[in-house]
Amino acid sequence: MISVSNVSMRYGGKILFEDVTTTFLSGRRFGLTGPNGAGKSTFMKLLSGELEPQKGNVVRPKKLGILRQDQFAFDEYRVIDTVIMGNRPLWRALEERETLYAKPDLTDEDGMRLGELEGVVAEEDGYTAEADAAVLLDGLDIPEPLHDRKMGELQGGQKVRVLLAQALFGNPEALLLDEPTNYLDLESIHWLQNFLNHYNGSVIVISHDRHFLNGVCTHIADIDYQTIITYPGGYDDMVLQKTQVRSRIESENAQREKKISQLNEFIARFSAGTRASQVTSRKREVERLQTTDLARSNIQRPFIRFEMNRPSGRQALESIGLTKGYDGTSVIKNFSARVQRGEKIALMGRNGTGKTTMLKALLGDAPGVDDPDVGRDSGTVNWGHEVQVGYFAQDHRETIRGGTTVAEWLHDFDPQASKEEIRGLLGQMLFNGEEGNKPTDTLSGGEAARLIFCKLMLQRPNVLVFDEPTNHLDLESINALNVALRKFEGTVLLVTHDEDLVDEVATRIWHFDAGQVEDFTGVYADYTAGATASSRR
């Protein structure tokens, strides 16, 4: 259990939250929600003890599992050891034991100390530590050959999964997980979801994956209105309850305002007359009825709408015998497919199976795409009549030219666009007021993603290609993207591990596994139903 009493945090004149009192009970799983900048990561650091509150106090258990964001802190350690470090008492005992055994001569004190350390190792399940760590790593798709490698040899996404295993290791009494699904494929997300649903301690998780929050959380702790309000249920339940509460308060205030107006009218009319006692009574009634001041929500919702200059031909894309590999190993082998106008294809599969490679191979000579890091080894790709492609790369931050401003960079893609049109697009994506003059070099990941959306809305292509567009977006932006893609009348190719996005947008699935691509025509629910039926046979 973690308890928070009268905690306040503010930076300058900005209040993140004030006088927050809440308890995170064991056996409950809390999603910590709020828009970017609301204070989620700050609150998580307060819970972990990394930050001290400016006011109030936090009581936490001795054993906390924390997902650490520094991918480079463990580069000199073996992968398996990095996981075991999640149990700090055990890791300290193992290190000290190894140091003592390395001594050429042991004193009596050393022998006694070794006995104490062996007791700690036994109590903390140290004799099965490597086997237990290996189970976690396997579940998170870190294969056994990597377990003895140094962390510095791993790719970024693999490091994140090792750090997640570290947080889960050693049976902590509470888990603090900041964006645990980032860089995880769907199979790993499903594994994590199942693990957390069977975990007995407290879970507090920050995630921008709505499906994950709905599947894991028993409660949502929402940061808004300069406080934290806890709602029972998942994310969708919270949104409904929050809307209902706000609407009820606004309705009650409107009724009170109407009554106050009537009373003030009576007071103004008879204050100088003979009905002094009635006037005094009504003044007291006005004081009693004063409406509740509604704190302003800090949630901002972008508006995304993808339109086309003109539709493409009936066949948007054809691939014949497409092959692409690296270092002599084929990732895509002899892939052929036809994509019709209006189809929305989700590219799915575990990390490293070729989804991004497929997009780049298809985009080798796509109209409207100027990216040197695309191409194929063999095969033919034919883009349809009048096709224009808009591309959101996984490393989209690098596609934004530095040394300019947000508005100037966007204007380069349509010199005929007026300043008002550019300003309007930027405003839709929450670049308000002078933020159009913000230097492109200083953009955060989420701001860079929203600027790419502005570019796509300005260019109005009829084929949209997205490679992991949700990685740096908050839930409001992801929901806006979901709605925009559903309404888009053109063709979509989409790599994402956001299950709601796949479920609600895709009309066709390309599933990647061991160098093969399964082409399924139909929605995600039908695909998963078929996959489940096959696994039972």
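In this predicted model, the axes of helix α6 (residues 156-168) and helix α7 (residues 186-197) come within 13 Å and cross at roughly 10°. That angle makes α6 roughly parallel to α7, since angles under 35 degrees count as roughly parallel, over 145 as roughly antiparallel, 65 to 115 as roughly perpendicular and the rest as oblique. Residues are numbered from 1 along each chain as its sequence is written, and side-chain values use heavy atoms, with hydrogens and water left out. Because the model is predicted, local features need pLDDT of at least 70 and side-chain atom pairs count only at pLDDT 80 or more, whereas totals for chains, interfaces and linings use all residues.

**Helix packing**

- Two packed helices are described by the angle between their axes and the distance between the axes.
- Axes are lines fitted to C-alpha atoms, for helices over the stretch in contact, and the angles run from 0 to 180 degrees between N-to-C directions.
- Helices (H or I, at least four residues) and strands (E, at least two) are DSSP runs, numbered from the N terminus.
- On the α6 side, R161, L164 and L168 meet S188, W191, L192 and F195 of α7, contact being heavy atoms within 4.5 Å.
- Helix α13 (residues 419-428) and helix α14 (residues 445-459) have axes that come within 9 Å and cross at roughly 135°; the two helices are therefore oblique to each other.
- The contact between them involves E421, I422, L425, L426 and Q428 of α13, together with L451, C454, M457 and L458 of α14.
- α13 passes α14 in a right-handed crossing; a crossing is right-handed if the near helix is turned clockwise from the far one by less than a right angle, and left-handed if anticlockwise.

**Salt bridges**

- The structure holds 31 salt bridges, each being a side-chain nitrogen of Lys or Arg within 4 Å of a carboxyl oxygen of Asp or Glu.
- R113 pairs with E116, their closest N and O atoms being 2.8 Å apart; the two residues lie three apart in helix α4 (residues 108-123), separated by about one helical turn.
- R113 has 30% relative accessibility and counts as partly exposed, as E116 does at 45%; buried means under 20% relative accessible area, exposed over 50% and partly exposed in between (1.4 Å probe, protein chains only).
- D236 and R210 meet through their side chains in a salt bridge of 3.6 Å, N to O.
- This pair links distant parts of the chain, with D236 in helix α9 (residues 235-270) and R210 in helix α8 (residues 210-216), 26 residues apart.
- D236 is partly exposed at 39%, whereas R210 is buried at 16%.
- R508 and E343 form a salt bridge of 2.9 Å, N to O, and this pair also links distant parts of the chain, 165 residues apart.
- R508 lies in strand β17 (residues 508-513), and E343 in the loop between β11 (329-340) and β12 (344-349); both residues are buried.

**Cysteines**

- The count of disulfides is zero, a disulfide being a pair of cysteine sulfur atoms within 2.5 Å.
- C217 is buried, with a relative accessible area of 8%, and C454 is buried at 0%.

**Helix α1**

- Helix α1 (residues 40-48) is mostly covered, seven of its nine residues being buried.
- The buried residues are K40, T42, F43, M44, L46, L47 and S48.
- Just after α1, G49 takes a positive phi of about 95°.
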